[in-house]
Amino acid sequence: SLLTMGSPRWRIAALVALSAALALLEPAEADEHDHTYADKEEVVLWMNTVGPYHNRQETYKYFSLPFCEGSKKTISHYHETLGEALQGVELEFSGLDIKFKDEVMQTTYCEIELDKPKRDAFVYAIKNHYWYQMYIDDLPIWGIVGEADENGEDYYLWTYKKLEIGFNTNRIVDVNLTSEGKVKLVPNTRIAMSYSVKWKKSDVKFEDRFDKYLDPSFFQHRIHWFSIFNSFMMVIFLVGLVSMILMRTLRKDYARYSKEEEMDDMDRDLGDEYGWKQVHGDVFRPSSHPMIFSSLIGSGCQIFSVSLIVIIVAMIEDLYTERGSMLSTAIFVYAATSPVNGYFGGSLYAKQGGRRWIKQMFIGAFLIPAMVCGTAFFINFIAIYYHASRAIPFGTMVAVCCICFFVILPLNLVGTILGRNLSGQPNFPCRVNAVPRPIPEKKWFMEPAVIVCLGGILPFGSIFIEMYFIFTSFWAYKIYYVYGFMMLVLVILCIVTVCVTIVCTYFLLNAEDYRWQWTSFLSAASTAVYVYMYSFYYYFFKTKMYGLFQTSFYFGYMAVFSTALGIMCGAIGYMGTSAFVRKIYTNVKID
């Protein structure tokens with residue numbers, strides 16, 4: 001049974017907020033790092049993990065099943081990055097003796113003494129479709145543990161690993177595994193495990209060796225192109241709508257307001273003044289809970305800059321060829337962009353007249369890391385209970401905490417000080433009245449709560465097809481590599497979000513309600529609620545996951561992903577709306 005499906009275990013940019021840490025690469029002098037080999041040089045077959053096929057994240061150490069190890073014990077090198085540690089990569093040496101270009105005929109490398117507990121362990125694994133992953137020279141290989149017969153009474157173990165390795169000059173470019181030697185599991189017998197290695201010349205270039213793991217028919221499907229086209233049409237329609245509403249309506253408003261200027265006081269008292277000009281004395285009043293609000297805006301700006309940079313890096317570099325490199329990159333970029341968070345959060349808090357800026361800086365710096373680490377900590381307990389390889393080691397947790405305190409916090413402080421000093425002065429076009437004006441009664445659909453619920457529908461509509469592709473590459477065995485699509489979708493999402501929040505805010509101000517800050521943030525952030533609801537649909541109809549561990553992993557990290565997406569959209573919506581509100585109140589004459 002030749003297994004070609006699957007993908008290496010890497011993580012996807014959209015769940016970028018997994019945690020904040022810097023990639024700690026241990027230098028080691030070895031062939032596996034520069035991927036070149038001399039003839040008869042050692043080639044290492046690493047055993048990674050084993051687990052049920054339908055639960056991609058539920059993985060255990062390979063030797064947690066009673067497999068036996070090969071005879072070779074010493075090994076010249078081993079390495080693990082922070083991204084790998086967080087993703088539960090557990091590389092263990094298989095003990096098989098493989099040398100570059102050295103053919104091995106079928107050789108028995110060890111025997112399993114099959115007593116009853118060992119047989120039960122294998123039967124459980126076969127019933128749950130367990131399969132394992134191995135690496136040769138960073139190339140992933142998958143094999144299935146065994147299979148049951150049709151009526152499910154007898155169980156068979158595959159005992160013969162037939163490796164076929166393709167080489168191009170002094171580099172390994174292709175690995176295939178065929179599992180053979182079906183042996184029935186009978187208690188109190190000895191099962192011999194064997195392997196063979198065949199080397200063949202290959203024309204595949206070293207740079208292209210990962211291409212066979214990609215799935216163009218899935219990712220470059222017509223539906224994918226169609227959804228992008230569809231979203232672009234929506235963007236053109238929305239931008240047109242916004243500019244039409246604003247140009248025409250604002251022109252009428254300005255004309256009406258300038259006509260009112262020319263009336264004498266008597267006419268003006270009799271005339272009915274209404275519309276957004278009436279709230280000019282309250283529109284720049286600080287939002288309620290300014291500390292939380294500015295921290296959310298700062299975090300949203302940081303998430304946006306992280307997404308943008310990681311997608312650009314992924315477009316230039318093929319991050320999927322290295323285990324854990326996507327996560328390591330995201331963590332590094334998140335830590336490095338901390339000044340963005342401090343700058344936007346700190347300057348907004350200062351503009352709103354906030355005094356306790358140190359507290360605001362702490363909240364802004366630790367908002368996202370606390371959310372991510374809290375979820376990871378909770379899921380870690382379940383992973384430890386299951387003895388899963390996903391359990392994050394204590395040392396890795398300490399490394400992540402160190403990065404939060406010694407990298408993210410100081411950089412955030414730098415950003416906050418710059419933000420407060422460079423753009424922290426409240427230079428609003430209108431004065432704020434001493435007494436807040438009462439908010440008049442308005443129709444139910446103009447209430448902020450209704451606007452918030454409806455605001456997320458269009459941004460979600462513009463991204464949900466892309467969500468399907470991202471979810472599938474994260475929760476199923478596909479490698480996501482079409483980052484150009486992701487970039488387009490991010491741009492579309494920004495434009496749609498800004499357009500929607502501007503329209504919502506215009507209607508709100510016209511109803512003489514000046515509470516636009518939270519409304520613009522939340523109406524964009526409500527996209528997250530729709531994404532999370534979609535993840536429920538995806539779980540029940542698109543996957544076959546089961547068990548407490550996989551389910552809590554899925555819904556825990558989906559909640560983190562949705563929240564981070566919501567904070568990002570909210571910040572984008574608020575920034576766009578803020579510019580719009582300043583613009584319209586700068587252009588109107590106010591007594």
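Lys101 forms a salt bridge with Asp39, with 3.6 Å between the closest N and O atoms, a salt bridge being a side-chain nitrogen of Lys or Arg within 4 Å of a carboxyl oxygen of Asp or Glu. This pair links distant parts of the chain, 62 residues apart, since Lys101 lies in the loop between strand S5 (98–99) and S6 whereas Asp39 lies in the loop between helix H1 (31–34) and strand S1 (42–43); helices (H or I, at least four residues) and strands (E, at least two) are DSSP runs numbered from the N terminus. By this rule, the count of salt bridges comes to 21. The model is predicted, so that local features need pLDDT of at least 70 and side-chain atom pairs count only at pLDDT 80 or more, while totals for chains, interfaces and linings use all residues. Residues are numbered from 1 along each chain as its sequence is written, and side-chain values use heavy atoms, with hydrogens and water left out.

The structure holds 1 disulfide, defined as a pair of cysteine sulfur atoms within 2.5 Å, and this bond joins Cys68 to Cys110 with an S to S distance of 1.9 Å. Because Cys68 lies in the loop between strand S3 (60–61) and helix H2 (82–87) and Cys110 in strand S6 (residues 104–114), the pair ties together parts that are 42 residues apart in sequence. The link of Cys68 and Cys110 is right-handed, with 70° about the S-S bond.

The second lining to be described is that of a pocket (an open set of points on a 1 Å grid over the protein atoms alone, with protein on both sides within 12 Å along at least five of seven lines; lining residues have an atom within 4 Å of a point). Of the 17 residues that line the second largest pocket, the closest to its centre are Leu348, Lys351, Tyr574, Ser578 and Arg582. Helix H9 (338–351), helix H15 (516–525) and helix H17 (548–587) each supply at least two residues of this lining.

Terms used:
On a 1 Å grid over the protein atoms alone, a cavity is a set of points where a 1.4 Å probe fits but cannot get out, and a pocket is an open set with protein on both sides within 12 Å along at least five of seven lines; lining residues have an atom within 4 Å of a point.
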